[in-house]
Amino acid sequence: ITFTYAIDSEEIKVTDEEEDSDLFSWKDVIKWNQDQNNFYFFVSQENCLIMDKKGFTSGTEQDLRDLATAVFALRNEEEE
């Protein structure tokens, strides 16, 4: 199954080949990480969104990295 991700500063929308979609608020993301090939967005203890870094159709790896960093920095400021 191929998934498409649409990401902005508010949410991550995941759509599959059958046009079924799920929305995840950035508030749902517990943590994120990356390796050489993928981004990992953990939305629960058992659920992780895995995004291939080679699959971008708009934006760049750096754009997503910057967005995730900014969202988490803002969230941490709001919690203080």
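The model is a predicted one, in which local features need pLDDT of at least 70 and side-chain atom pairs count only at pLDDT 80 or more, while totals for chains, interfaces and linings use all residues. Residues are numbered from 1 along each chain as its sequence is written, and side-chain values use heavy atoms, with hydrogens and water left out.

A search of the whole structure turns up 5 aromatic pairs. For this count, rings of Phe, Tyr and Trp (its six-membered ring) pair if their centres lie within 6.5 Å, and planes under 30 degrees apart are called stacked, those over 60 edge-to-face and the rest tilted. Trp 32 and Phe 41 make a stacked pair, because their ring centres are 6.2 Å apart and their planes sit at 20°. Phe 39 and Phe 56 have ring centres 6.4 Å apart and planes at 85°, so this pair is edge-to-face. Phe 39 lies in strand β5 (residues 38-42) and Phe 56 in the loop between β6 (48-52) and α1 (61-79), so the contact ties together parts that are 17 residues apart in sequence. Helices (H or I, at least four residues) and strands (E, at least two) are DSSP runs here, numbered from the N terminus. Taken together, ring pairs link Trp 26, Trp 32, Phe 39, Phe 41 and Phe 56 into a cluster.

How covered are these rings? Buried stands for under 20% relative accessible area, exposed for over 50%, and partly exposed for anything in between (1.4 Å probe, protein chains only). The areas themselves come from the Shrake-Rupley method with a 1.4 Å probe, and for residues only the protein chains shown count as cover. Phe 41 is buried, with a relative accessibility of 0%, and Phe 39 is buried as well, at 0%. Phe 56, by contrast, is partly exposed because its relative accessible area is 30%.

Charge pairing comes next. Side chains of opposite charge can pair when their charged atoms come close. With a salt bridge taken as a side-chain nitrogen of Lys or Arg within 4 Å of a carboxyl oxygen of Asp or Glu, the count comes to 2 salt bridges. In one of them, Glu 61 pairs with Lys 53, and the closest N and O atoms are 3.9 Å apart. Glu 61 is partly exposed at a relative accessible area of 31%, whereas Lys 53 counts as buried at 9%. Glu 61 also meets Arg 65 in a salt bridge, at 3.4 Å from N to O. Arg 65 and Glu 61 are 4 residues apart in helix α1, so about one helical turn separates them. Through shared partners, the salt bridges join Lys 53, Glu 61 and Arg 65 into one network.

On the surface, Glu 17, Glu 18, Glu 19, Asp 20 and Asp 22 gather in a patch of negative charge. Patches are made of residues with over 30% relative accessible area and no salt bridge, with like charges joined within 9 Å and nonpolar side chains (Val, Leu, Ile, Met, Phe, Trp, Tyr) within 5 Å. Glu 17 sits in the loop between β2 (11-15) and β3 (21-25) and is exposed, at 53% relative accessibility. Glu 19 is found in the loop between β2 and β3, and at 62% relative accessibility it counts as exposed. The backbone of Glu 19 is worth a look too: its phi is positive, about 70°, although the residue is not a glycine. Most residues other than glycine have a negative phi.

Ile 1 belongs to the segment before β1 (4-7) and is exposed at 78% relative accessibility. Between the C-alpha atoms of Ile 1 and Glu 18, which are 17 residues apart along the chain, the separation is 9.3 Å. Val 14, in strand β2, is buried at 8% relative accessibility. Ala 68 lies in helix α1 and is buried at 0%; Ala 68 and Lys 54 are 14 residues apart in sequence and 18 Å apart in space, C-alpha to C-alpha.

How values were computed
Lys, Arg positive; Asp, Glu negative; His and termini not counted. Charge placed at Lys NZ, Arg CZ, Asp CG, Glu CD.
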